[in-house]
Amino acid sequence: MSAPSRPALHPPVEQAGTPHADSRMTGRQKLVLALLLGAQFMIAVDFSILNVALPVVGEGLGFSLPNLQWIATAFALAAAGFTLLFGRIADLVGRKRLFVGGMVVLGLSSALGGLATSPEVLLTARVLQGLATAAVTPAGLALLTTAFKEGPLRERALGLNGALMSAGFTAGAILGGLLTDLLSWRWAFFVNVPVAALVVALAPSVITDSRPAGRPRLDIPGAATVTGGLLLLVYGLTQAGATGWTTPTTLTALLAGAALLIAFWFVEKRAAAPLVPVRILKRRSVIWGNATGLIAFVTETSLVFLLTLYLQEVLGYSPLATGLAFGVLGVGTVIGGTLGGRAVGRFGNRATIVTGGLVQAVATLSLVALGTSGAWIWLLLAATFIGGIGNMLMIVGFMVTATSGLPDDEQGLATGLATMTQQVGITMGIPVMSAIATARMSALGDAGPDGVLSGVSLAILVNSALVLAGALLAGAFLGPRRARGGARE
């Protein structure tokens, strides 16, 4: 059900109710879509472009081996910790202003990273990149959802956004390997600069901003508790992957993060102008939409990590060859994103999420059969292609569900929540699955190819079960959406 109608916060692109408005994009809408999707694609590339280059970066700047993780952790902490706060700020000060400002910071911080001559400068650049990502992603998604009213155009736009976002993760691994091998790791940073400059130059004249009618005060206690909670949670998760789940640092960070997030709930119940109104957190579509989205991101990003271990430690692939092998996954996600919007429009959010989850679960389960022979690469390619389609159906269904039924003045909040789910899922998956695989290898006392294969296989089995659980939860708790003609799904 849609929320009660409110005064338009920005000029409508088309008159609602006409066949053209429901099925075709105007030339301006296409330009807005291309610009926003280009920015989101670049953000997605940034998540993975340095992964294959970390050892080279560490050697070039003098990072010790234990401290290499901070190149990724510094980015993840800022990106996940501040995304909900920036999502709400976008609602208060204007999405376009925050989007353009974030792109400026992203371009400048990328240039700083490429020119870095010490670990301190590089980590500063990564934190600034993470903060820019926390601002640009929810603001860009809010601009996207407010540019297209609920219905087929928004579903199509979110499907393309999901496809390019997921493809960006894969492209980042491939591009990072190519740039590092052919030029220098510094180009993994420099490549962002011209893209950011182009977006900053075009956005002011292309994008129509949407501003709230009033500007309530920012909920400082809510912002402090949720940002602190997310920072500690992400820090605890990254430390778990590096030092284990039972170390005092990991446990303290996770428990403190959980306590602050619980405190955030009670703060919001009493706040006059809450950062996240409790009524939104109680919405079934928000709760279960984000729950299934979290599972989708946890499982697919961690599966890429597990298969990277398999390809490099069992089959002996190089980092570049590993990145190229995941190109098939990228193709699958693009197809899944293209189909996702149509599937949501025809079958509804719940059916799309459940179908995608079942497809992903079955495809992932087949990877348990992987062996030590190079011939198994064909199973890996087929399974990741099919699983990528299923995963993207889940993600598109999640994005549509989590942003539907809310007015335009709360779209920044909705996309901030969805982006937070994405960032935390990406961060959470690898340490969880790494712990499972490592525990299995330790139990066997074998760190060779056979031990790695056994650990990876067990983690893949858990991964598949988690996806299946997510699909079943969506089927049980996501209410049937009303179709556009008024019939229930």
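**View 1. Ile395 and its contacts in the predicted model.** Beyond its neighbours within four places in sequence, Ile395 is in contact with Met165, Ala296 and Phe297. Keep in mind that this is a predicted model. Ile395 also belongs to the largest nonpolar core, which has 72 residues. Together with Phe99, Met103, Leu144 and Leu417, Ile395 touches the most other members of that core. Elsewhere, a second, separate core holds 24 residues, including Leu329, Met433, Leu453 and Ala459.

**View 2. Helix H7, residues 119-147.** Here is a helix whose length you can check for yourself. At 1.5 Å a residue, its 29 residues should span 42 Å, and the end C-alpha atoms lie 41 Å apart, so the two values agree. Most of H7 is covered, with 22 of its 29 residues buried.

**View 3. Helix H12, residues 248-270.** The same check works here: 23 residues at 1.5 Å each should span 33 Å, and the end C-alpha atoms are 33 Å apart, which agrees. Look along H12 for its buried residues, among them Thr250, Ala253 and Leu254. Gly257, Phe264 and Glu268 of H12 are buried too.

**View 4. Where helices H16 and H17 cross.** The axes of H16 (residues 327-347) and H17 (residues 349-366) come within 7 Å and cross at roughly 130 degrees. Because angles of 65 to 115 degrees count as roughly perpendicular and those over 145 as roughly antiparallel, H16 is oblique to H17. On the H16 side, Gly340, Ala343, Val344 and Phe347 make the contact, and H17 contributes Asn349, Ala351 and Thr352. By class, four of these residues are nonpolar and three are polar, with no charged residues.

Conventions. Residues are numbered from 1 along each chain as its sequence is written. This is a predicted model: local features need pLDDT of at least 70, side-chain atom pairs count only at pLDDT 80 or more; totals for chains, interfaces and linings use all residues. Side-chain values use heavy atoms; hydrogens and water are left out. Helices (H or I, at least four residues) and strands (E, at least two) are DSSP runs, numbered from the N terminus. The expected span of a helix is 1.5 Å times one less than its number of residues. Buried means under 20% relative accessible area, exposed over 50%, partly exposed in between (1.4 Å probe, protein chains only). Axes are lines fitted to C-alpha atoms, for helices over the stretch in contact, and angles run from 0 to 180 degrees between N-to-C directions. Angles under 35 degrees count as roughly parallel, over 145 as roughly antiparallel, 65 to 115 as roughly perpendicular and the rest as oblique. Contact means heavy atoms within 4.5 Å. Ala, Val, Leu, Ile, Met, Phe, Trp, Tyr, Cys and Pro count as nonpolar, Asp, Glu, Lys and Arg as charged, and the others, Gly among them, as polar. A nonpolar core is a set of buried Ala, Val, Leu, Ile, Met, Phe, Trp, Tyr and Cys residues joined through side-chain atoms within 4.5 Å.
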